[in-house]
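Reader: Hi! Could you walk me through this one? I'm new to it.
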Amino acid sequence: MVRPTSLLRRRIIGSTASVTSSSSHYHHHLRQHRRSNVTAAAADLSFPSYLLAAPTTDITRFPSSGLRVASETMPGSNTATVGVWIDAGSRYETPHNNGAAHFLEHMAFKGTSRRTQYQLEIEIENMGGHLNAYTSREQTVYFAKVFQRDVPRAMDILADILLNSRLDPVAISRERDVILREMKEVNRHEEELVLDHLHATAFQGYGLGRTILGPEMNIRGLTKEDLRTYVDTHYLAPSMVVAGAGAVDHAELCDLADKYFGGLRTELDEDMKGSDAVCNDVGVFVGSDVR
Ligand SMILES: [Zn+2]
């Protein structure tokens, strides 16, 4: 197993990996590709064929909800990856709820109002699918790799674990120990710790300076209510991108995205603005060092 990093805290269930212990990390390289439509003029510049053959990215933004859908269809592919990228990483947390995004990610796999944890795992296994999530400083991401025919079901599952997580208080209590163990594990790795210290000193007092797991006090103290509030305040339609690649049809993905996430709030309730659950600071670089 590869070396963990502090960039991401990730978890997996699915047929290609048995249910992981909650402390598992995987090194993960976030690769971002920017592509635009290849025009005849660009083709003249003799780009390599793998670039010219790359699919274009279709992007749709629903004017009413602000929800965005992005997809790249690969002809001939039988499998698809679909997921939801949410602006809900640790930089949007406050001292009070720092660690909530990561805690929620743990709870997402513990059952919903429609599926028990066991049913969720069986459903993914029987599809031959793969369900995965990670929390970073800037994003919370849930995605599924499935066969083409199962894309609608995968979207149903993603919406279910994001929006209907059971957040059972007993399971929350149990998970505290798991996350505390995870924190110890993270802190044992200097290459993990150094990035946490770097952010803490470079962005002192700002959201970006906080850790993904949050302080021990929060891991021990976050409540079901805190987690529910976090979903209500951060899982807003304009904060989300539904993305798909492979055997996806953009129009179908748009329909599914709108069906499951189009009805989400488009902005915070008035009484939540300025509350201690939301951090909207810009993250000013302070510059300092740790000795
Ligand atoms: Zn974790």
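Author: Happy to. Just after helix α4, Gly128 takes a positive phi of about 70°. Helices here are DSSP runs of H or I with at least four residues, strands are runs of E with at least two, and both are numbered from the N terminus. This is a predicted model, where local features need pLDDT of at least 70, side-chain atom pairs count only at pLDDT 80 or more, and totals for chains, interfaces and linings use all residues. Residues are numbered from 1 along each chain as its sequence is written.

Reader: Okay, and which residues of α4 are buried?
Author: In α4, residues 117–127, they are Leu120, Ile124 and Met127. Buried means 20 or more other C-beta atoms within 10 Å of a residue's own, exposed means 12 or fewer, and partly exposed is in between, with C-beta atoms placed from the backbone.

Reader: Why are those on the same side of α4?
Author: Because they cover an arc of only 70° around the axis, taking the directions from the helix axis to the C-beta atoms.

Reader: What does the face turned away carry?
Author: That face of α4 has the exposed residues Tyr118, Gln119, Ile122 and Asn126.

Reader: Switching topic: how many helices and strands does the chain have?
Author: There are 10 helices and 7 strands.

Reader: And what share of the chain is buried?
Author: Buried residues are 38% of the 291 residues.

Reader: Thanks! One more: which residues of α3 and α6 meet?
Author: Phe103, His106 and Met107 in α3 meet Ala171, Ile172, Glu175, Val178 and Ile179 in α6. Contact means C-beta atoms, placed from the backbone, within 7 Å.

Note on methods
Contact = placed C-beta atoms within 7 Å.
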